Amino acid sequence: MVLIVHGFPSAVAALRFEWAWQHPHSSRRLADVAPRLRSEAAFAFHLRVLAHMLRVPPWTRLPLTLRWLRADFRCELCPPPPPHVPLSFGPLAPRSSASKCHASTFADTEPQLDQDAKACCSLCAGALQDEEGPLCCPHPGCPLRAHMICLAEEFLQEEPGQLLPLEGQCPGCKNSLLWGDLICLCRMGTEEEEEEDLESEEEHWTDMLET
């Protein structure tokens, strides 16, 4: 294996992408992809299919990452990936390590606000429920905390016909933000809380059994 694509919102989305990549001429999304030429290597053909997949809906708006596990096999895709799809190199970090890294970064950059400010959306001033997982700007000192829907609508003002944002300007600090990065940070924070709750529950039952 020399190349993977990751960052899908669900396992179903990843499986659909994988099926289309393996069966490009059975997918109506890839009707414009020319059949494999006799002189074309299988590897080159799969890269050509991938290049087209990253440029057509619904995949073109997903916060995906193109990761080369073997840099010596790297080839330039034609057409190139969308600007919001980054290139990465090397193996994926273990899930637990990645979660801790993202969570620590998030904790270091989260502004110290009073409880009242933390409880309100920066855009609609409505209450933020813990289970909603508010989106927070990762830039140091930025106070932005918003409902996912509120920030999505803010980012989509220039693309009213779309449902999923790609990127936008933070209403708080005016820095450019990738939607995929915000969702990733939000998920990492939620996973950390779930792990802490699970550890607390396990410690509670261990104490109960020991007594």
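Me: Let me start with F17: is that residue buried or exposed?
Reply: In this predicted model, F17 has a relative accessible area of 3%, and because buried means under 20%, F17 counts as buried.

Me: Which element is F17 part of, and what else is buried there?
Reply: F17 belongs to α1, where A13, F17, A20 and W21 are buried. Seen down the axis of α1, these buried residues fall within an arc of 100°, so they line one face of the helix.

Me: And what sits on the face turned away from the buried side?
Reply: That face of α1 carries the exposed residues A11, L15 and Q22.

Me: Which residues do the ring pairs link into a cluster?
Reply: The cluster consists of F8, F17, W21 and W59, linked by ring pairs.

Me: What kind of pair do F43 and F73 form?
Reply: F43 and F73 form an edge-to-face pair, with 6.1 Å from centre to centre and 75° between the planes. F43 lies in helix α2 (residues 42-53) while F73 is in the loop between β2 and β3, so the pair ties together parts that are 30 residues apart in sequence. F43 is partly exposed at 32% relative accessibility, and F73 is partly exposed too, with a relative accessible area of 34%.

Me: You mentioned β2 and β3; in what sense do those strands pair?
Reply: Strand β2, which covers residues 65-68, pairs with β3 in the parallel sense over 3 bridges. The bridge partner of L66 in β3 is L87.

Me: What is the order of the strands in that sheet?
Reply: The sheet is an open one of 3 strands in the order β1-β2-β3, with mixed pairing. Its edge strands are β1 (3-6) and β3 (87-89), each of which pairs on one side only. Neighbouring strands of the sheet are turned by 25° against each other on average, direction ignored.

Me: Changing topic: how many disulfides are there?
Reply: The count comes to 0 disulfides. C120 is in no disulfide, and the nearest cysteine sulfur, that of C124, is 8.6 Å away. For C121 the nearest cysteine sulfur is also that of C124, at 3.7 Å, and because a disulfide needs the sulfur atoms within 2.5 Å, C121 is in no disulfide either.

Me: Last one: what does the protein chain contain overall?
Reply: The protein chain has 6 helices and 7 strands, and from the N terminus on its elements run β-α-α-β-β-α-α-β-β-α-β-β-α. Buried residues make up 35% of its 211 residues.

Note on methods
Residues are numbered from 1 along each chain as its sequence is written. This is a predicted model: local features need pLDDT of at least 70, side-chain atom pairs count only at pLDDT 80 or more; totals for chains, interfaces and linings use all residues. Side-chain values use heavy atoms; hydrogens and water are left out. Two strands pair if DSSP finds at least two bridges between them. Helices (H or I, at least four residues) and strands (E, at least two) are DSSP runs, numbered from the N terminus. Axes are lines fitted to C-alpha atoms, for helices over the stretch in contact, and angles run from 0 to 180 degrees between N-to-C directions. Buried means under 20% relative accessible area, exposed over 50%, partly exposed in between (1.4 Å probe, protein chains only). Rings of Phe, Tyr and Trp (its six-membered ring) pair if their centres lie within 6.5 Å; planes under 30 degrees apart count as stacked, over 60 as edge-to-face and the rest as tilted. The arc is that of the directions from the helix axis to the C-beta atoms.
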